[in-house]
Amino acid sequence: MVGSKYDCLLFDLDDTLYPMSSGINLACRKNIEEYMLHQLHIEDTEVPRMCLELYKEHGTTMAGLKALGYDFDNDEFHEFVHGRLPYEALKPDPVLRNLLLSMPQRKIIFTNSDEAHVAQVLSRLGLEDCFEGVICFETLNPPPQSSQTFSDDETMDKPSSRILCKPSLQAIEAAIQIADVDPARTIFFDDSVRNIASGKAAGLHTVIVGSSVLVPGVDYALSSIHNIREALPEIWEGEPVEQLDQVLQSPAVETTVLA
């Protein structure tokens, strides 16, 4: 891209494109704990501790449950956990929409969440047409009978019981491969310090969102995603000044899952 140091921007979804104060995160954890209690019949006194420990050890509680040998349907889990979330707490964000549309780089969602949840969140925020595509749970964990990515050479070889997700370095590298980007020319935005550390290990430029504290592995820190232009003006390097000061009107483009 002429005049720019970056070709692609990878954005996490939850607690990155909207603040944690929305309550979605808390509601999600509550639903996971209820699933563990009522569907997997785990002792109620063990659920909260186990939920948190598995999240810390495996990246997501779901990945941890699978690693322990619990057998359940992935789609049913996601429907139970995400299907009852208070999505009405998320409101259209025209400020973020205008910022995203003004960025000349490719923009891709990279999340551990499932496709249906991504669609709900982007719709509620009014950002459906702001991203080229989505790398999500289904992308990194395709059903056994389906092909993982664009060609047979890119199909991942991993045990079916293991869930591939951030913050594993393998998940980050898989996303880089699927998106077909040069990590040295890509910025990764995420609210998780662990995810950011893996992104840095994979060679990405990194931005922690929701914190103003720079920690190891973090190149930039944003207390809010809305501060992106002030913190990273180089994203817009080479763009005409008049283009930066107007709302870009572009035809709606459906965001597709990269799988």
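Trainee: What makes Tyr35, Phe72, Phe77 and Phe80 one aromatic cluster?

Mentor: In this predicted model, rings of Phe, Tyr and Trp count as a pair if their centres lie within 6.5 Å, and Tyr35, Phe72, Phe77 and Phe80 form one cluster of such aromatic residues. The structure holds seven aromatic pairs.

Trainee: Why is the pair of Phe110 and Phe188 called tilted?

Mentor: A pair of aromatic rings is described by the distance of the centres and the angle of the planes. For Phe110 and Phe188 the centres are 5.9 Å apart, and the cut-off for a pair is 6.5 Å, so the two rings qualify. The angle between their planes is 40°; stacked would need under 30 degrees and edge-to-face over 60, so the pair is left with the name tilted.

Trainee: What does the pair of Phe110 and Phe188 tie together?

Mentor: Phe110 belongs to strand β2 and Phe188 to strand β4, so their pairing links parts that are 78 residues apart in sequence. Both Phe110 and Phe188 are buried.

Trainee: How do you know that Gly64 is buried?

Mentor: The relative accessibility of Gly64 is 0%, and buried means under 20%, so Gly64 counts as buried. Gly64 lies in helix α3, and, leaving aside its neighbours within four places in sequence, Gly64 is in contact with Leu54 and His58. From C-alpha to C-alpha, Gly64 is 9.2 Å from Met50 in space, while the two are 14 residues apart in sequence.

Trainee: Is Ser192 buried or exposed, and how do you know that?

Mentor: Ser192 has a relative accessible area of 11%, which is under the 20% limit, so Ser192 is buried as well. Ser192 is found in the loop between β4 and α9, and its C-alpha is 7.0 Å from that of Ile208, although 16 residues separate them in sequence.

Trainee: What makes His41 worth a remark, if we look at its phi?

Mentor: The phi of His41 is near 55°, which is a positive value in a residue other than glycine. His41 lies in the loop between α1 and α2, and its relative accessibility is 65%. Exposed means over 50%, so His41 counts as exposed.

Trainee: Which phi does Asp180 take, and why is Asp180 called exposed?

Mentor: Asp180, which comes just after α8, takes a positive phi of about 60°, and Asp180 too is a residue other than glycine. Asp180 sits in the loop between α8 and β4. Its relative accessibility is 63%, again over the 50% limit, so Asp180 is exposed.

Trainee: Which residues of α8 are buried, and what covers them?

Mentor: The buried residues of α8 are Ala171, Ile172, Ala174, Ala175, Ile176, Ile178 and Ala179, and what covers them includes β2, β3, α7, β4 and α9. In the loop between α7 and α8 lies Pro167, which is joined to Lys166 by a cis peptide bond with an omega of about 15°.

Trainee: How do you know on which side of α6 its buried residues lie?

Mentor: In helix α6, which spans residues 115–125, the buried residues are His117, Val118, Val121, Leu122 and Leu125. They cover an arc of only 125° around the axis, which puts them on the same side of α6. The elements that cover them include α4, β2 and β3. Just after α6, Gly126 takes a positive phi of about 75°.

Trainee: What surrounds the largest pocket, and how much space lies in it?

Mentor: About 780 Å³ of space lies in the largest pocket, and 36 residues line it, of which Asn25, Cys28, Tyr55, Gly59 and Thr60 lie nearest its centre. The elements that give two or more residues to this lining are α1, α2, α3, α4 and α9, and α1 gives the most, with five residues.

Trainee: How many residues of each class are found in the lining of the largest pocket?

Mentor: The lining has 16 nonpolar, twelve polar and eight charged residues. Tyr55 and Cys28, two of those that lie nearest the centre, belong to types that count as nonpolar, whereas Gly is placed among the polar ones.

Key
Residues numbered from 1 in each chain as written. Predicted model: local features only at pLDDT ≥ 70, side-chain atom pairs only at ≥ 80, totals over all residues. Heavy atoms only, no water. Buried < 20%, exposed > 50% of the residue type's maximum accessible area, 1.4 Å probe, protein only. Helix = DSSP H or I, 4+ residues; strand = E, 2+ residues; numbered from the N terminus. Arc of directions from axis to C-beta. Contact = heavy atoms within 4.5 Å. 1 Å grid on protein atoms, 1.4 Å probe; cavity = no way out; pocket = protein on both sides within 12 Å on 5 of 7 lines; lining within 4 Å. Points joined across faces, edges and corners; volume = space filled by probe spheres on them. Phe/Tyr/Trp six-rings, centres within 6.5 Å; stacked < 30°, edge-to-face > 60°.
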